[in-house]
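Here is a friendly tour of the structure you have open.

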Amino acid sequence: MNEFAKKYSPESFEKDIYQKWEKQWKFLPKESITWNTFYIPMPPPNVTSKLHVGHSVMLAIQDLMTRYHRMIWDSTLMIPWTDHAWISTQVKVEEKLAKEGKSKHTMTREEFLKECWDWNNMYGWIIQSQFRKMWTSCDWTKEKFTFEPSMNKQVVKAFVDLYKRGLIYKWEYMVNYDPVLNTVVSDQEVIYKEEKGKLYYITYFVSWSDSEVVVATTRPETMLGDVAVAVNPKDKRYKKILKLWKKLILPILNKEIPLIADDMVDIEFWTWAVKITPAHDPNDFQVALRHKLPMDEIVLGKDGKMTEKAGIFSGQDFITARQNIVELLKSKGNLLKIEEHTARVGYGERSHAKIETIVSKQWFVKVQPLADKLIAGYKRKDFEILPERYNKVFEDWIFNLRDWCISRQLIWGHQIPVWYSEDGKIFCAETEDEAMEMAKKECGKEITLTQDPDALDTWFSSALWPFAILWYDINWKKQTELFEKYYPAQVLETGHDIIFFWVVRMLLFWYEFTWKTPFKTIYLHGLVRDKHGRKMSKSAGNGVDPIDMIEKHWTDALRLTLTIGNTPWNDIKFDEENVENNKIFINKLWNACRFVSTNIWEELKSLSSDMEALEKNLIDNYEKLMIHEKWILSRIRNLSDIVGKSMEEYSFSLAGQELQVFTKNEFCDYYIEEFKLTKENSKFWNEVITYVISHLLRLWHPYIPFVTEELYQKIGFSGMLIEAPWSKVAIKRNEQIEEEKEVMMDLLREIRSIKAENDVPNSGTIKLYIYAKGKNLEMIEKTKDIISGIVKSEYTEIITNKKEDENLVYGVIKAGIEFYIDISNAVDREKERERLELQIIDMREYIAILDKKLLNESFVRRAPQSLVREEMEKKRLAQEKLKKLEEKLDSIC
């Protein structure tokens with residue numbers, strides 16, 4: 001017999017089980033019996049970071065889906081990968097070099113890249129080990145890294161292909177610049193904060209006139225880059241100035257700039273006039289495009305200092321320049337007033353530096369032609385988004401996309417595959433040799449070429465991910481077998497916070513490259529917050545390290561907390577107490593399986609190898625089974641149906657909750673207890689409990705894979721659970737027996753509850769008197785001994801008249817069965833009075849809820865009449881119970 005520990009001790013088997021799975025190639029895709037495939041792309045964690053609790057949710061849900069599809073015999077594929085973390089890695093390496101007295105500015109590109117690769121090789125293994133520790137059953141033989149050579153070739157090929165299609169171009173445009181990271185960043189990488197500041201009202205005098213125009217700005221230092229002042233064309237106050245003069249004097253620099261009319265100006269806005277600084281404001285940039293104004297008045301430098309165009313303020317940092325400009329405006333009489341003001345200020349998501357908006361020549365993806373294909377696919381319902389409410393968020397993105405800036409001023413990343421001649425000609429090619437051939441052909445001779453030093457946005461390579469290992473071969477000349485078999489993916493599972501960063505961009509690229517959706521379902525899980533519902537962050541000190549949780553409570557307990565607690569409709573409130581409770585629950589399952597193993601292990605040898613034969617045997621001998629055996633078989637059939645349906649509908653939390661209720665309340669608290677009492681009288685106890693525990697472990701496996709695999713082996717089933725077939729119960733449900741047993745279980749729960757409330761231990765004996773009529777009486781008569789055994793009643797009597805003994809504790813259930821418990825040696829009359837009062841309050845509230853529903857004309861009119869009658873019957877029974885409770889309370893007061 002396998003040694004079965006008395007207590008759930010995951011430290012003794014979790015690591016060994018994972019190693020056994022991996023060594024025996026259990027994570028590799030197998031040929032499908034169903035002819036279906038299941039491929040799920042994994043969102044890439046940064047190679048330099050530790051996995052956080054958000055990754056844990058993602059991995060738990062993805063692995064749950066993968067294990068389920070593996071068990072239903074789909075050919076499953078989940079591939080691990082990590083992102084090269086372009087900014088994070090480069091920042092870490094630069095910090096390391098600074099400590100060593102070095103700088104990237106004194107190194108060649110190749111030397112700095114070597115430092116980055118050394119860093120990656122030193123720390124990259126950490127993320128992989130965490131993947132294994134956090135339960136991922138992915139195909140490690142296909143592991144990828146976004147900056148490895150094969151991926152680089154794919155990225156380069158994609159860039160060149162899009163360039164040749166006219167979908168990538170270089171242009172001077174307004175972008176966000178991070179002065180600490182010294183690179184362009186996307187709009188989504190800018191975090192806005194409300195900050196208190198000042199609003200400066202500055203007078204611009206009209207040229208050759210005594211008239212004036214007042215503008216308001218929060219950043220007076222930018223006025224040195226003004227190229228115009230704009231007013232609304234419908235604003236009557238400025239019609240004369242617009243018609244006669246149209247020129248204003250720019251303070252300090254004393255040069256003329258035009259007054260222009262543009263609908264962008266809000267007539268109700270502060271001073272009704274707006275200064276136009278196209279080099280430093282995105283709205284002003286658009287105005288300048290419309291009016292063909294100069295764009296090159298750049299006065300704020302990338303280094304955080306004023307440029308030469310700032311005149312006497314050149315070289316000053318922005319804050320100093322602002323102070324000096326304000327003082328000079330005061331002295332010249334151009335500063336009208338200063339007011340307190342709150343404004344939204346953008347900061348870099350990673351650097352926390354104040355972001356500057358500048359005009360800069362960058363590489364862009366022309367998004368609209370790609371978006372047209374995506375929108376057409378979305379309207380055709382090529383893919384679905386769960387939950388559906390995120391369709392609106394998705395539409396807001398795809399119908400309002402702007403061209404995507406893809407160049408970054410970084411070294412650690414995919415270098416842009418473009419070479420320049422000395423006279424500025426552009427040659428886009430996959431290799432330098434190809435670029436040289438192109439240049440030679442165009443120029444008629446060999447010339448010197450220089451590659452663009454910028455790297456691609458990391459999301460450019462990430463957008464290629466679901467297909468990078470499935471797509472065509474490295475030269476895109478033919479499709480691989482993997483692509484033909486698994487593309488498109490069945491589901492993409494990720495957090496709703498990266499719907500634009502990653503999800504939309506993958507769709508854009510792969511509708512362009514394949515004219516197909518890359519995935520059929522987009523499942524967006526809820527985000528993890530602390531137990532108070534607050535966002536987790538380092539600054540708030542409320543973050544959770546999943547590795548710490550695993551070391552304290554082990555993998556399955558954390559996994560169960562994250563999967564049952566998470567739905568795509570709501571964020572999860574993470575509380576460590578829930579992890580502890582789930583560990584206790586798993587221990588209950590462990591003890592139940594230990595009991596099964598202790599009772600049936602020897603007999604199991606002849607049963608476990610052929611579960612189909614066992615099932616057929618139970619079906620053939622169904623009428624010979626005892627009532628509780630028919631009941632548990634009916635309930636496991638119901639559970640199997642619910643969990644299977646929920647898996648297909650992505651209702652993982654619901655399925656998990658159903659599993660917990662069945663395991664704790666039905667299997668452990670009732671069936672095993674009745675099994676102990678009736679084993680000697682049953683002819684098929686061995687077959688029934690073997691069949692039920694086999695299916696229960698299979699249903700639980702996607703949620704808690706380690707303990708279920710260990711239990712499967714300990715009990716003595718053949719093979720490994722990870723590759724066992726999914727639970728499919730052929731035995732039909734018996735709803736009549738289920739209804740009878742539900743009444744009995746309700747009675748047992750109420751008796752146990754009263755014992756607990758009166759401090760009578762579960763093992764403590766009582767005397768029990770039961771009053772019932774009709775079919776309830778028949779049921780009680782048949783199960784009297786079972787009831788006595790489960791609630792530890794040393795004397796049970798079925799009575800025909802109600803008792804009026806104040807020493808007995810009274811109880812009643814909704815089915816109308818009344819009972820009296822003799823615990824005279826332990827009962828506290830005051831406690832019993834309080835208990836009855838609370839029950840009366842609860843029952844009145846329950847009746848009020850039913851009344852509200854039945855008084856709702858819409859419900860009564862639209863609901864099926866059978867449902868209305870059911871609600872009316874519930875109310876009738878509740879009123880009867882309330883009356884009985886009130887009578888009992890009166891009898892002891």
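Let's start with a pair of helices: α17 (residues 555-564) packs against α21 (residues 652-678) at an angle of about 125°, and their axes lie 8 Å apart. That angle makes α17 oblique to α21. Please keep in mind that this is a predicted model.

**Helix α21 and its two partners**

- On the α17 side, the residues in contact are L560, T563 and I564. They meet F652, S653, G656, Q657 and Q660 of α21.
- Sorted by class, the contact of α17 with α21 has three nonpolar and five polar residues, with no charged ones.
- Helix α21 also packs with helix α24 (residues 735-757), here at an angle of about 95° and with the axes 12 Å apart.
- That makes α21 roughly perpendicular to α24, since angles of 65 to 115 degrees count as such.
- From α21, the residues making this contact are N665, E666, D669, Y670, E673 and E674. Their counterparts in α24 are K741, M744, M745, L748 and R752.
- By class, the contact of α21 with α24 has six charged, four nonpolar and one polar residues.

**The nonpolar cores**

- In soluble globular proteins, nonpolar side chains tend to be buried together.
- In this chain, the largest nonpolar core has 191 residues, and F460, F667 and Y703 are the ones with the most contacts inside it.
- Helix α15 (residues 499-514) gives this core its largest share, 13 residues.
- Which residues does F460 contact, leaving aside its neighbours within four places in sequence? They are V155, A158, F159, L162, I168, V365, W404, I406 and F509.
- Another core, of 30 residues, lies apart from the largest one; its members include Y238, I241, M306 and I325.

**A four-stranded sheet**

- Four strands, in the order β6-β5-β14-β16, form an open sheet with antiparallel pairing.
- The edges are held by β6 (183-185) and β16 (404-405); each has a single partner strand, so one side of each is left without a neighbour in the sheet.
- Inside the sheet, strand β5 (residues 168-178) pairs with strand β14 (residues 356-365) in the antiparallel sense, over 10 bridges.
- To find your place in that pairing, look for Y169, which stands opposite F364 in β14.
- Helix α7 (residues 282-291) packs on this sheet and touches β5 and β14, with its direction at about 145° to that of β5.

**A three-stranded sheet**

- Here three strands form an open sheet in the order β19-β18-β20, and the pairing is antiparallel.
- At the edges are β19 (426-428) and β20 (450-451), each of which pairs on one side only.
- Strand β18 (residues 418-420) and β20 pair in the antiparallel sense over two bridges.
- For W419, the bridge partner in β20 is Q451.
- Helix α11 (residues 432-443) packs on the sheet, where it touches β18 and β19; its direction makes about 135° with that of β19.

**The chain as a whole**

- Stepping back, the secondary structure comes to 28 helices and 29 strands.
- The C-alpha trace spans about 110 × 65 × 55 Å along its principal axes.
- Of the 893 residues in the chain, 55% are buried.
- Among contacts with a separation of 6 or more, 77% are between residues 24 or more positions apart.

Notes: Residues are numbered from 1 along each chain as its sequence is written. This is a predicted model: local features need pLDDT of at least 70, side-chain atom pairs count only at pLDDT 80 or more; totals for chains, interfaces and linings use all residues. Side-chain values use heavy atoms; hydrogens and water are left out. Two strands pair if DSSP finds at least two bridges between them. Contact means heavy atoms within 4.5 Å. Axes are lines fitted to C-alpha atoms, for helices over the stretch in contact, and angles run from 0 to 180 degrees between N-to-C directions. Angles under 35 degrees count as roughly parallel, over 145 as roughly antiparallel, 65 to 115 as roughly perpendicular and the rest as oblique. Ala, Val, Leu, Ile, Met, Phe, Trp, Tyr, Cys and Pro count as nonpolar, Asp, Glu, Lys and Arg as charged, and the others, Gly among them, as polar. A nonpolar core is a set of buried Ala, Val, Leu, Ile, Met, Phe, Trp, Tyr and Cys residues joined through side-chain atoms within 4.5 Å. Buried means under 20% relative accessible area, exposed over 50%, partly exposed in between (1.4 Å probe, protein chains only).
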